[in-house]
Amino acid sequence: MGWRLPLTYNQMVVGGLTGKEVDRLFHALADTTRRDILHRCIQGEPSVSRLADVYPMSFAAVQKHVAVLERAGLVTKERRGREQLVRTDRDAVGRARRILDELEAAWRGRVDRMADLLAQIPQPEKNKPSMGHD
Amino acid sequence: MTVTSVEKDFDSLSLTLVAAFDAPIERVWQLWADPRQLERWWGPPSHPATVEKHHLAAGGEVTYIMTGPAGEKSGGWWRVTAVDPPRSLEFTDGFANQDGTPNAKTPTTAVQMRLTEQDGGTRMELRFTFESSEHMEQLERWGAFEVFPQSVGQMDALLAADMNTGGTRGNRTARRTL
């Protein structure tokens, strides 16, 4: 599957999620219909009404399942015209997070090297050009 | 810590990083304005940068080559969009072809850098903006971030070295000789 489930679970943060968030995630994934909905959302972007056609249950019941998935952060709903499209947002969010984290790490490294240089290159004297080295 | 705050916005796909330096604003500006100083912090120790063109003026260009441990070279460029020495610099950062010309097929990142005087030192604010998630995906595919883990390693080495001014502890071997 496209996402990774936390393998261990305690009161502390697991895989970046709080205990409450993990609870919601497990609850959301504990139901066969919801897992099936999620699977369909990974393949495409079904509308709530199209999902309701697939399962032998009411529109309202399907909507409730989608809401549980939504609270767990597994899907997002987007209104398009009269349709409500459901899609998995998790990979996108995860990817954005990872990439911004890496960008942050890179620039933390650069900023530290800058501080290092400021400490090592002597202050240029007022009557000298500002090239500190070479 | 030099870095005082980091804010990430996953909706607008932007990152804002604030750092504080114990140096006058002119000195911090020189880190950007002097190509010889720029190349000493731009690349991680495993991928030192050589700055070739360096023209900090609106419409001006900066080009650099980073050389990896196996001698592999990757080029990059900035297109300067605004500059106000010693207070601010805005540029677009992108990849270069083998001949050093901007690669039009690869994505770019907008960088805004601002310096202000603060508590007898200098505050530096950096803001990075990606265009879209497809854009970020593309960046990832082009290997833009492959060299970054080494920067983290160097950061650790620097922190370790800082905590022990005697320099007997901490991995200093990773650093370039100044």
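This is a predicted model: local features need pLDDT of at least 70, side-chain atom pairs count only at pLDDT 80 or more; totals for chains, interfaces and linings use all residues.

I'll go through the two chains in turn, starting with the overall layout and then stopping at a few local spots.

Okay, chain A. Its secondary structure comes to 5 helices and 2 strands. If you read along the sequence, the order is α-α-α-α-β-β-α. Chain A has 134 residues, and 26% of them are buried. As for contacts, take those in chain A with a separation of 6 or more: 45% of them are between residues 24 or more positions apart.

Now zoom in on two helices in chain A. How do we describe a pair like that? Two packed helices are described by the angle between their axes and the distance between the axes. Here the pair is α2, residues 32–43, and α4, residues 59–71, both in chain A. They pack at an angle of about 75 degrees, and their axes are 10 Å apart. Anything from 65 to 115 degrees counts as roughly perpendicular, and α2(A) and α4(A) are therefore roughly perpendicular to each other.

Which residues meet there? From α2(A) it's Thr33(A), Arg34(A), Ile37(A) and Leu38(A), and from α4(A) it's His65(A), Val66(A), Val68(A) and Leu69(A). By type, the residues of that contact split into 5 nonpolar, 2 polar and 1 charged.

Let's take α2(A) by itself for a moment. This helix has 12 residues and reaches 17 Å from its first C-alpha to its last, close to the 16 Å expected at 1.5 Å a residue. Its buried residues are Arg34(A), Ile37(A), Leu38(A) and Cys41(A). Look down the axis of α2(A) and those buried residues fall within an arc of 100 degrees, so they line one face of the helix.

On to its partner, α4(A). With 13 residues at 1.5 Å a residue, α4(A) should span 18 Å, and its end C-alpha atoms are 18 Å apart, which agrees. The buried ones in α4(A) are Val62(A), His65(A), Val66(A) and Leu69(A). Down the axis of α4(A), its buried residues also fall within an arc of 100 degrees, so they line one face of that helix. Then, just after α4(A), Gly73(A) takes a positive phi of about 80 degrees.

From the N terminus on, the elements run β-β-α-α-β-β-β-β-β-β-α-α. Chain B has 178 residues, 27% of them buried. Among its contacts between residues at least 6 apart in sequence, 36% join residues at least 24 apart.

Most residues other than glycine have a negative phi, and most peptide bonds are trans.

So, spot one. The peptide bond from Pro85(B) to Pro86(B) is cis, with omega near -5 degrees. Pro85(B) sits in the loop between β5 (73–84) and β6 (88–95) of chain B, and Pro86(B) is found in the loop between β5 and β6 as well. Is Pro85(B) buried, exposed or partly exposed? It has 15 other C-beta atoms within 10 Å, so it comes out as partly exposed. Leaving aside its neighbours within four places in sequence, Pro85(B) is in contact with Trp29(B) and Ala33(B).

Spot two is Asp119(B). Its phi is near 50 degrees, a positive value in a residue other than glycine. You'll find Asp119(B) in the loop between β7 (109–118) and β8 (121–129). With 8 C-beta neighbours inside 10 Å, Asp119(B) counts as exposed.

Last stop, Phe95(B), in strand β6 of chain B.

Definitions and conventions: Residues are numbered from 1 along each chain as its sequence is written. Chains are lettered from A and ligands numbered from 1 in the order in which they are written. Axes are lines fitted to C-alpha atoms, for helices over the stretch in contact, and angles run from 0 to 180 degrees between N-to-C directions. Helices (H or I, at least four residues) and strands (E, at least two) are DSSP runs, numbered from the N terminus. Angles under 35 degrees count as roughly parallel, over 145 as roughly antiparallel, 65 to 115 as roughly perpendicular and the rest as oblique. Two residues are in contact if their C-beta atoms, placed from the backbone, lie within 7 Å. Ala, Val, Leu, Ile, Met, Phe, Trp, Tyr, Cys and Pro count as nonpolar, Asp, Glu, Lys and Arg as charged, and the others, Gly among them, as polar. The expected span of a helix is 1.5 Å times one less than its number of residues. A residue is buried if 20 or more other C-beta atoms lie within 10 Å of its own, exposed if 12 or fewer, and partly exposed in between; C-beta atoms are placed from the backbone. The arc is that of the directions from the helix axis to the C-beta atoms.
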